[in-house]
Amino acid sequence: MNESERDLLVRLWEEHMRMPFPPNMRGREIEGEDVVYLDASIAVGVSSSLSEPFDVKRRDALRRCLAAVEKVLPSIDGEGGAIERYERLREMAALAVEFGDAGPRRRPVVG
């Protein structure tokens, strides 16, 4: 991830933190996904990607969340800013996964 993509992720994260959780999404399950848990899981992954080295386990968990948010988005209504919130979550997850994929690579051992 280049610096402008990281800046975008930081900006999206800051917007996300200021946005209240849509009341109509509390306690909901869509397409077999608990949307509150999905929101929190993506938030943890994004926060981690911004603050510390992003390990494979966290990146893979965020990839699963990205797939889940893609699955639920078509069924979310616009009430209370829900669509905007989950579209932002999708974008942040995608950027964070990309950031993790672009992380330091091991150099081959020459022997």
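Q: What counts as a helix or a strand here?
A: Both are DSSP runs, numbered from the N terminus: helices are H or I with at least four residues, strands are E with at least two.

Q: And the model itself?
A: It is predicted; local features need pLDDT of at least 70, side-chain atom pairs need 80 or more, and totals for chains, interfaces and linings use all residues. Numbering starts from 1 along each chain as its sequence is written, and side-chain values use heavy atoms, without hydrogens or water.

Q: Which elements does the protein have, and in what order?
A: There are 4 helices and 2 strands. From the N terminus they run α-β-β-α-α-α.

Q: How much of the protein is buried?
A: 40% of its 111 residues. Buried means under 20% relative accessible area, exposed over 50%, partly exposed in between (1.4 Å probe, protein chains only).

Q: What about contacts across the sequence?
A: Take contacts (heavy atoms within 4.5 Å) between residues at least 6 apart in sequence. Of these, 76% join residues at least 24 apart.

Q: New topic: Glu-31. Where is it?
A: Glu-31 sits in the loop between strand 1 (29-30) and strand 2 (33-34).

Q: Why does Glu-31 count as partly exposed?
A: Because its relative accessibility is 48%.

Q: What does Glu-31 touch, beyond its sequence neighbours?
A: Leaving aside neighbours within four places in sequence, Glu-31 is in contact with Lys-71, Val-72 and Ser-75. Ser-75 is 44 residues away in sequence, yet the two C-alpha atoms are 8.1 Å apart.

Q: OK, helix 3. Which of its residues are buried?
A: Arg-59, Leu-62, Cys-65, Leu-66, Ala-68, Val-69 and Val-72. Helix 3 itself covers residues 56-72, so to speak 17 residues.

Q: How do helix 2 and helix 3 cross?
A: The axes of helix 2 (residues 35-51) and helix 3 come within 10 Å and cross at roughly 140°. Axes are lines fitted to C-alpha atoms, for helices over the stretch in contact, with angles from 0 to 180 degrees between N-to-C directions.

Q: Why call that pair oblique?
A: The crossing angle is roughly 140°, and helix 2 and helix 3 are therefore oblique to each other. Under 35 degrees is roughly parallel, over 145 roughly antiparallel, 65 to 115 roughly perpendicular, and the rest oblique.

Q: Which residues meet there?
A: From helix 2, Leu-38, Ser-41, Ile-42, Gly-45, Val-46 and Ser-48. From helix 3, Arg-58, Leu-62, Cys-65, Ala-68, Val-69 and Val-72.

Terms used. The expected span of a helix is 1.5 Å times one less than its number of residues.
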